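Biologist: Please take a close look at the aromatic rings and the core around them. I would like one connected account.

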Amino acid sequence: KITLTLSSEDVKDKDPVHTESVQYSILMESRVAYDSATHVSIVWTGLLNKKGTAHPTHCLLALNYNPQTLQIIPFSRKYIVDKQLYSTFSNLAAKMLEEECNGIFPSGWDSFYEPICSEKEFIDGLNTEDGFYYYLQDTGVVISYPVPFAMGDHKEVVIRNDNLTELAQGT
C-alpha cells in the first residue's frame, strides 16, 4: 500500500497580493499502471483546486520504483535521454496535438507546443527525478508533459516498446 502524503506546506502558500494563506483541495485517484518483479508504476490523476481561482488544475503524478529494493527509478536510469528520444517524443506529440487542435487555434497549434516541449526542457526534465512524469504500461512508456489549461494542463504520449528498444539502458 502506498499513501500520498502532503504536508501543510504542500497545500498552502502565500498569495503575493494578499497576506492570508491560500487554501488548496486535492481530489486524486490512483492505479497501478505496470507491475513486474523489477518495476512498478503507480499513477495518480485528479484535480487540484486553489481557493479563489476560476478553474481546477488537472494533475498527474507518477511513481516508478523497484519493488525488491524500494528504490525510485528515474527515467534516465531506464532509458537513454538524448536527441533521438526527444525526436521520437516530439514527432508523436506533434502528430497528436495537430490532430487534436486542428482548427481550434487559428495561429497554429505549434505556437502552443514549441515553448512547452523544447528539446532542452524535455532532456533536462527526464534527467531528473522530478521532471516530466513517466510511467510504464504493457505497450510502452507514457510521458506526461505540461500544456496550457485550455488543452487539459498535461498531455500524455505513448512511446511504444518497439521504438524504445535501442534507447533501453538494460535495467
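This is a predicted model: local features need pLDDT of at least 70, side-chain atom pairs count only at pLDDT 80 or more; totals for chains, interfaces and linings use all residues.

Modeller: Aromatic pairs and the core

The count comes to two aromatic pairs, where rings of Phe, Tyr and Trp (its six-membered ring) pair if their centres lie within 6.5 Å, with planes under 30 degrees apart called stacked, over 60 edge-to-face and the rest tilted. F75 and Y79 make a tilted pair, 4.9 Å centre to centre with 40° between the planes. The rings of F75 and Y134 have centres 5.0 Å apart and planes at 85°, so this pair is edge-to-face. F75 lies in helix α2 (residues 75–78) and Y134 in strand β5 (residues 133–137), so the pair ties together parts 59 residues apart in sequence. Helices (H or I, at least four residues) and strands (E, at least two) are DSSP runs, numbered from the N terminus.

Residues are numbered from 1 along each chain as its sequence is written, and side-chain values use heavy atoms, leaving out hydrogens and water.

F75 and Y79 are both buried, meaning under 20% relative accessible area, with exposed over 50% and partly exposed in between (1.4 Å probe, protein chains only). Y134 is buried as well.

The largest nonpolar core has 22 residues, of which F75, F122 and I143 touch the most other members; such a core is a set of buried Ala, Val, Leu, Ile, Met, Phe, Trp, Tyr and Cys residues joined through side-chain atoms within 4.5 Å. Helix α3 gives the most to this core, five residues.
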